[in-house]
Amino acid sequence: MTQASFDGLLRELAPQVLAVTIRRFGDFSAAEDAVQEALLAAALHWPAEGVPASPRAWLIQAAGHRMTDQIRSDQARRRREEAAARREPPAAGGTGRDDTLKLLFMCCHPALTTPSAIALTLRAVGGLTTTEIASAFLVPEATMAQRISRAKQRIKASGVPFRMPAAADRAARLRAVLHVLYLVFNEGYTSSAGQHLHRTELSGEAIRLARMVHQMLPADGEVAGLLALMLLTDARRPARVGPGGELIPLAEQDRTCWDQRLIAEGTAVLTHGLAAGVVGEYQVQAMIAALHDEAGRVEDTDWPQILALYGLLERMTGNPMVTLNRAIAAAMVTGPAAGLQLLADLDGPLAGHYRLAAVRAHLYEMAGDTEAAVANYRAAAARTTSTPEQQYLATRAARLQH
């Protein structure tokens, strides 16, 4: 097994093992510590001794032993030891159930604010680092670390049992759950930092969990919309990276490399979800993705329809990132001047964000203002923490100078 495969296996198993450990022992923070020690033990022993036949069961057993040792060593926690013994005895083979979905809803407990619930789930279920989560929320790393710590403390204090919430409570948590999966997918599809554009273990996990939620709530249009959005977007992933790992923008991609199976599945899920009659923000985004996917050539893209959908999405969400994308669509429909005019309103809400500078550079390039385009490409390259994006933006600037 290669090091990358080994690391991917541990990353995939971590949230599952954490979910089982929380269910058995009922302490989020202690379970997280125990699982981290189990993962460390695996990293030390498996390369020399070989990966066990059931790595998930091995990790569950190791984390369970760590929790049991901790409970027994602390006499003040005798009651918790007895309660844990009454719940479910540790089993070396683990259970056949996937508790990750229960962990997902637990992290979106109503005792938490939505930002805290999202941050905790990204950490516990998505496996993102605190730095990556802070980048997604555009807040300092220390602030995010405190937010996650407080969220775990509130979960512990709430005494919430480890099980799926009742129907009424589930509906209240669903919006946060969908937003979490959306952010996890986005981090996997376009990594906010590092050497690689994709983190397929994250986008793949987000799709897997979205499928699970969709199976549980097949009549919910927004659940269907989110799953469709992920599938229609992920279908383009094979064409987004060149032989050297370089980023290839949508307009330059070889569309014959797009995954037609995912496009067909995503379109079917979206169509079925739209039958519910109430259109939500994920459905609108999926409709935009579908319009891109159905264009065999970039010049066949239905930009007027995409512009109209971004206008609808902007009214629904008020999200400045939506306005940023609407500016691109406006430029494609009526020219770069229209797009640049829309960008002027984003200097406040997106001040210093690399994507604002990148889009502005692209529109200036369309307008023939080479000097402004180069300056903005360079500014965007200096602000992003993603190596592929940084190289792409720097290359665009260099080409315009020759």
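## Salt bridges, spaces and surface of a predicted model

R211 forms a salt bridge with E265, and their closest N and O atoms are 2.3 Å apart. A salt bridge here is a side-chain nitrogen of Lys or Arg within 4 Å of a carboxyl oxygen of Asp or Glu. This pair links distant parts of the chain, with R211 in helix α10 and E265 in helix α12 (residues 260-274), 54 residues apart. Helices (H or I, at least four residues) and strands (E, at least two) are DSSP runs, numbered from the N terminus.

The model is predicted: local features need pLDDT of at least 70, side-chain atom pairs count only at pLDDT 80 or more, and totals for chains, interfaces and linings use all residues. Residues are numbered from 1 along each chain as its sequence is written, and side-chain values use heavy atoms, with hydrogens and water left out.

**Salt bridges**

- The structure holds 17 salt bridges.
- R211 counts as partly exposed because its relative accessibility is 28%; buried means under 20% relative accessible area, exposed over 50%, and partly exposed in between (1.4 Å probe, protein chains only).
- E265, the partner of R211, is also partly exposed, at 24% relative accessibility.
- D234 forms a salt bridge with R237, the closest N and O atoms being 2.9 Å apart.
- In that pair, D234 is buried, with a relative accessible area of 6%, whereas R237 is partly exposed at 26%.
- A further salt bridge joins the side chains of R236 and D293, at 2.5 Å from N to O.

**The cavity**

- A search of the whole structure finds one cavity of 30 Å³ or more.
- On a 1 Å grid over the protein atoms alone, a cavity is a set of points where a 1.4 Å probe fits but cannot get out, while a pocket is an open set with protein on both sides within 12 Å along at least five of seven lines; lining residues have an atom within 4 Å of a point.
- Rolling a probe the size of a water molecule over the atoms shows where empty space is left.
- The largest cavity has a volume of about 40 Å³, where a volume is the space filled by probe spheres set on grid points that are joined across faces, edges and corners.
- L104, T121, V125, G126, V180, L181, V184, E205 and L209 line the largest cavity.
- At least two residues of this lining come from each of α9 (167-189) and α10 (200-216).
- α9 gives the largest share of the lining, three residues.
- By type, the lining of the largest cavity has six nonpolar, two polar and one charged residue; Ala, Val, Leu, Ile, Met, Phe, Trp, Tyr, Cys and Pro count as nonpolar, Asp, Glu, Lys and Arg as charged, and the others, Gly among them, as polar.

**The second largest pocket**

- The second largest pocket has a volume of about 530 Å³.
- Its lining has 21 residues, and D7, L10, R11, A14 and G127 lie nearest the centre of the pocket.
- α1 (3-25), α2 (28-49) and α6 (114-124) each supply at least two of the lining residues.
- The largest share, eight residues, comes from α1.
- The lining of the second largest pocket divides into 10 nonpolar, five polar and six charged residues.

- M332, V333 and M366 form a nonpolar patch on the surface, with about 220 Å² of accessible area together.
- Patches are made of residues with over 30% relative accessible area and no salt bridge, with like charges joined within 9 Å and nonpolar side chains (Val, Leu, Ile, Met, Phe, Trp, Tyr) within 5 Å.
- Accessible areas come from the Shrake-Rupley method with a 1.4 Å probe, and for residues only the protein chains shown count as cover.
- M332 is in helix α15 (residues 320-334) and is partly exposed, with a relative accessible area of 37%.
- A344 lies in the loop between α16 (336-343) and α17 (354-367) and is partly exposed at 45%.
- Q70 is in helix α3 (residues 55-73) and is buried, with a relative accessible area of 19%.
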